[in-house]
Amino acid sequence: MALRCLSKKAFALPYRQFSSSVVPAATAVSSSSASSLTTTSVTEERLYLPLSSLLPRNSDQSKASSQVVSLDPSVFSHPIRRDILHLCVVHHRDGLRQGSANTKTRSEIKCSGRKLRPQKGTGRARLGDASSPMLRGGAVAFGPKPRDFSTKLPRKVREMGMRVALSAKLDERKLGVVESLAWEGIKTKEFAERLAGLAWKPVLFVAGKSVPEGLQRVSNNVPDVEYTPVDQLTVYDVVRAKRVVMDVEALEWIEAKFKRSAGRMEDDVSIEEVEAAMETLSVGA
């Protein structure tokens, strides 16, 4: 991941544009940057995203959009796999279930074990003690007991799910990168007006090491604004969010964790592994 300055003409081009070894002249600003860009591999398509800014720009500052961030194609250009996203979402939601539903069995009902009436001679149905499930205040037949609903999912399936989710957000143009998420003001109204001006609501902010305290303070009372550190980001968070905005530090962390080598650019999750994971989820449910 690297920041580069590009001309305004380059921003009108789509994100995925540099499939050849020669980069358009509109993107070159210096001989050193041009020489580094012309060595782009033919098989590795470069991705570029304009850098945004959360803080309002002063009159003496240059626009943040005059810079672009280079994205790793192995992370942000993955083929869209709906089956992988489904597995990751079901796996995450299974872990959220409390599993605390509890009903009493016949042995847990506080009552006498005496038979309520004789087996024969009354003309009525047979009946045992007061803990019978047929009686009011009795036990529950085959009722739920506390259990763990969490399921297992292979690590590489979860990692592929994150790459697919981020690639989908980039294709939808709902992924943004800012240099920093630090917010200097203390007024919630100013923060809400800034988000409205950027058309960033609803939004999920992803911070590097920790979420800045200023951002937490001003966003707590703003609806449709969420934040999380990057090490706690899940596939479900990315899929559920309408827009994802992360800082440069979080982007570097994601690329370092989910980057794939050139020899492993093809899908490394077979159909058999997906079917096995789906069977595991269905059994756990």
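View 1. W183 is buried, at a relative accessible area of 8%; here buried means under 20%, exposed over 50% and partly exposed in between, with a 1.4 Å probe and protein chains only. Please keep in mind that this is a predicted model, in which local features need pLDDT of at least 70, side-chain atom pairs count only at pLDDT 80 or more, and totals for chains, interfaces and linings use all residues. Residues are numbered from 1 along each chain as its sequence is written, and side-chain values use heavy atoms, with hydrogens and water left out.

Rings of Phe, Tyr and Trp (its six-membered ring) pair if their centres lie within 6.5 Å; planes under 30 degrees apart are called stacked, over 60 edge-to-face, and the rest tilted. The count by this rule is three aromatic pairs. In one of them, the ring centres of W183 and F191 are 5.2 Å apart with planes at 80°, so this pair is edge-to-face.

**View 2. F191 meets F205.** F191 is buried, with a relative accessible area of 0%. Its ring centre is 6.4 Å from that of F205 and the planes stand at 50°, so the pair is tilted. Because F191 belongs to helix α6 (residues 188-198) and F205 to strand β6 (residues 203-207), the pair ties together parts that are 14 residues apart in sequence. Helices (H or I, at least four residues) and strands (E, at least two) are DSSP runs, numbered from the N terminus. F205 is buried, as is F191.

**View 3. The largest nonpolar core.** A nonpolar core is a set of buried Ala, Val, Leu, Ile, Met, Phe, Trp, Tyr and Cys residues joined through side-chain atoms within 4.5 Å. Which of the 38 residues in the largest core touch the most other members? They are L71, F76, L166, V177, V206, M246 and I254. Helix α5 (residues 155-171) gives the largest share of this core, seven residues. Not counting residues up to four places away in sequence, L71 touches R46, L47, L49, F76, L170, L251 and E255; contact means heavy atoms within 4.5 Å. A second, separate core has 16 residues, including L54, V178, W183 and V225.

**View 4. G138 in its loop.** G138 sits in the loop between α4 (82-96) and α5. Is G138 buried or exposed? G138 is buried, because its relative accessible area is 17%. Leaving aside neighbours within four places in sequence, G138 is in contact with I109, A130, S131 and S132. From C-alpha to C-alpha, G138 and K110 are 9.2 Å apart in space, while in sequence they are 28 residues apart.

**View 5. Helix α4 from end to end.** The expected span of a helix is 1.5 Å times one less than its number of residues. The 15 residues of α4 should therefore span 21 Å, and the end C-alpha atoms are 21 Å apart, which agrees. Buried residues in α4 are I84, L85, L87, C88, V89, H91 and D94.

**View 6. Charges over rings.** A charge sits over a ring if NZ of Lys or CZ of Arg is within 6 Å of the ring centre and within 35 degrees of the ring normal. The charged end of R97 lies over the ring of F149, 3.6 Å from its centre. For K257, the charged end sits over the ring of F258, 5.8 Å from the ring centre.
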